[in-house]
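Please have the sequence and the model open side by side. The text below walks through some points of backbone geometry and then one annotated segment.

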Amino acid sequence: MSSHFVSPTRRAPNRSQTVDAYVDYEATADDISRDTDFTSSQDGLRGVRRAVNVQSRRPTRLPHELDALSNWTPLADGERVDEEEVGDVGSKRKRYDSSDEPMKTWRPLAQLFLEELVRRDGLGDFGKACGSCGRAEDARHQLMPLHVLQEWTGAFWSQVSLASLGYVFQLGHGGLPCPRPAPAARSMVVMDFPTIHDVKYRYCACDLSDRMNNLQQLLRTGWYPASTVDPATCATLKTLESFRLLNVVGDLTVHDFVRVMEQCTDASGLEELPDRRKGFGRMSRQFAFVQRMKRAGRAHDAGGLESTTRGECAEGINLPEGWEDVGPEFQFLYILIIAMDANFRLRNRLRANAHEDPPLGSGWGHIVEESCYKKHLRNYVAEKDISTCIAFAALAQKDTRLSTGLRASGMGGKGERYANMDYIVLAALMGVALLYVAIAYDIVCQYRINFEARMAKLPNDMQLDLKRTKVLYGLPVWHATAHERNCQSQNSLTYQPGVGRTDGEGTERVWSVFNGLATATKEMNRGAREDGIEDKVRPCHASWSIAIDERDRQVAAFDEVDRTLDQSLRKEWQGMVDAWTEDKTKPNPYQLDDGEKREASIRQALAQEELDEAVSSKSTLHKASVTSMLVMGLQLEDHQDRIRRESKGRALLAGDLSERVTTLRRSFHVKLKQFRRLQDVYTPGAVEELRAAEERRDSELPPPQAEDI
């Protein structure tokens with residue numbers, strides 16, 4: 001069997017020295033001992049014949065040369081050999097960065113990958129032609145090697161790849177012929193979701209190859225290489241985009257994604273497929289990083305990726321011109337509200353066999369740069385906390401949580417130690433000009449103590465100018481209920497000026513998204529873990545829509561209450577609030593007196609008034625007092641809240657839930673009848689309004705449910 005080809009040399013031959021050659025192969029593919037090569041000279045007058053693929057005779061080796069441990073004999077009991085006397089068993093394997101540290105060889109080429117992906121978003125090679133037509137034709141040829149044919153074996157249909165039929169895909173020309181292709185055809189595993197393909201391909205060696213290297217030829221074909229030196233695996237950009245979306249939204253791991261592709265390629269499991277999990281994990285990590293850099297605009301910076309500064313790839317803040325000169329009544333529009341919290345589920349183990357693999361673009365995004373962060377923490381091995389408010393657990397547990405064998409005990413959002421949080425929050429504020437900063441933290445009553453003194457120990461470029469920037473502190477609304485009442489009234493975010501109805505629990509919503517990564521990232525090395533978390537960060541656009549709707553509801557509710565107040569009383573209350581806002585030593589209008597007027601004390605005072613009226617022989621309208629009516633009304637509202645909670649709850653059987661809600665509604669209506677009778681006595685105007693509303697209601701519509709009355 002003969003084959004005609006251009007002389008296979010590693011270096012592209014000179015254009016004037018093309019040599020024709022023929023190789024006579026043995027009929028049996030496995031027998032390569034007698035293949036013969038016939039080569040003719042350029043003038044055709046001479047021929048050279050030589051043997052190729054000749055198997056060399058293996059030299060005879062002695063048994064001890066085949067087995068380095070052949071002369072070993074066991075030691076007797078109690079016998080000991082010093083470690084210095086033990087020699088090495090064989091020499092160490094030679095290491096190559098391209099195979100042992102592929103990420104190390106990729107990092108210097110990150111700029112090239114970024115530019116190529118941006119180039120694909122433009123017209124690419126079709127800037128002078130019809131872009132849509134050219135790219136459609138190009139895409140058709142690029143998909144050619146990834147087609148699978150069906151062959152009838154006589155009993156069933158069998159899949160046949162184009163590579164097995166001799167098809168060789170040409171790089172550099174979108175699959176079209178190259179006038180001067182590279183002589184050697186290579187093999188490649190291409191992962192194109194949902195299947196894995198074996199492909200034969202050639203690099204371009206014509207004039208076009210002077211303008212693009214082998215990596216660029218792969219990337220311009222839409223194939224992302226797993227390594228930068230002689231890659232044997234690629235994934236299509238479409239596949240990497242699909243995985244990134246599934247990973248960020250659905251927490252799908254590399255292992256599961258590749259397993260799905262293997263099942264789609266060969267559901268029977270009879271075909272032995274190469275394990276490409278490590279390679280695909282590396283490609284997906286690089287691709288996600290390049291996508292983040294592309295969306296941050298780093299491809300269009302003349303300084304390239306290396307000129308990226310800390311935090312430059314995180315979301316920025318757009319403010320109108322002259323915002324710093326607005327009057328005091330509008331300064332609240334430019335308050336930066338920071339929610340601080342820690343997630344103790346995002347732990348990371350220390351591994352003895354872990355190799356150094358730093359994050360891609362460390363410190364460029366949302367996670368602080370590690371070397372400076374650790375240098376800062378060395379000065380704070382242990383901290384003594386000042387605790388005056390003991391009604392919460394975060395401060396007490398921050399140093400007692402299980403942390404043995406962990407590189408990271410959690411993820412801080414903007415550990416619960418002051419040193420950690422000081423660095424993280426001030427790193428987030430670097431380079432931001434502000435008038436006000438509002439910090440929401442579940443232990444802010446302790447954190448605010450000595451904050452200025454702790455900040456003075458940090459680098460100058462991380463310190464806030466407190467003469468220009470005013471810092472407000474507040475407890476998140478939900479966490480505030482765990483604090484003492486005096487602490488709540490003094491520090492609750494609800495009472496801080498300019499923050500509106502912000503609850504300060506934003507990081508809790510972020511953690512609900514990140515918790516799905518906890519299991520997958522616990523065993524990762526540092527670089528892969530931080531890159532995975534960085535890629536998960538995304539803005540919460542839904543919160544903005546909800547905030548607009550809630551703002552309208554809050555304004556309407558406030559106006560309704562405000563209209564019922566006497567103007568003199570309103571002026572008095574406003575004065576108390578303004579005085580306390582300016583000077584915290586003034587009486588706090590949100591803090592009740594020492595004899596806190598609870599419901600029981602108010603009920604007791606009303607009962608005493610009714611007793612005094614009875615003693616003075618004043619007549620009563622009903623045997624049930626006004627106090628009884630008020631208490632019954634409050635109980636009915638609590639009953640309605642319980643019905644709402646039950647109706648939104650879950651039960652093992654739908655019938656159980658429906659029965660419970662029906663029982664509660666029936667009980668409510670029984671109590672409501674008693675309450676209506678008291679209303680008829682004490683608030684007849686309300687009864688008249690209820691009757692008028694019932695007359696206006698459409699009789700064909702069903703009556704409102706108990707919880708909606």
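What follows takes these points in chain order.

This is a predicted model, in which local features need pLDDT of at least 70, side-chain atom pairs count only at pLDDT 80 or more, and totals for chains, interfaces and linings use all residues. Residues are numbered from 1 along each chain as its sequence is written, and side-chain values use heavy atoms, with hydrogens and water left out.

Most peptide bonds are trans, and most residues other than glycine have a negative phi. The bond between Phe 193 and Pro 194 is cis, with omega about 15 degrees. Pro 194 sits in the loop between β8 (186-192) and β9 (195-202). Strands here are DSSP runs of E with at least two residues, helices are runs of H or I with at least four, and both are numbered from the N terminus.

Asp 230 has a positive phi, near 45 degrees. Its place is the loop between β10 (223-225) and β11 (233-236). Asp 230 counts as exposed because its relative accessibility is 58%; exposed means over 50%, buried under 20%, and partly exposed in between, with a 1.4 Å probe and protein chains only.

Asp 251 also has a positive phi, near 55 degrees, and lies in the loop between α7 (237-250) and α8 (254-265). At 28% relative accessibility, Asp 251 is classed as partly exposed.

An unreviewed UniProt entry places a "transmembrane region" at residues 423-444. UniProt positions are given in the numbering used here, feature names are shortened, and annotations may be inferred rather than shown by experiment. In the model, residues 423-444 are 32% helix and 27% strand, and the end C-alpha atoms are 16 Å apart.
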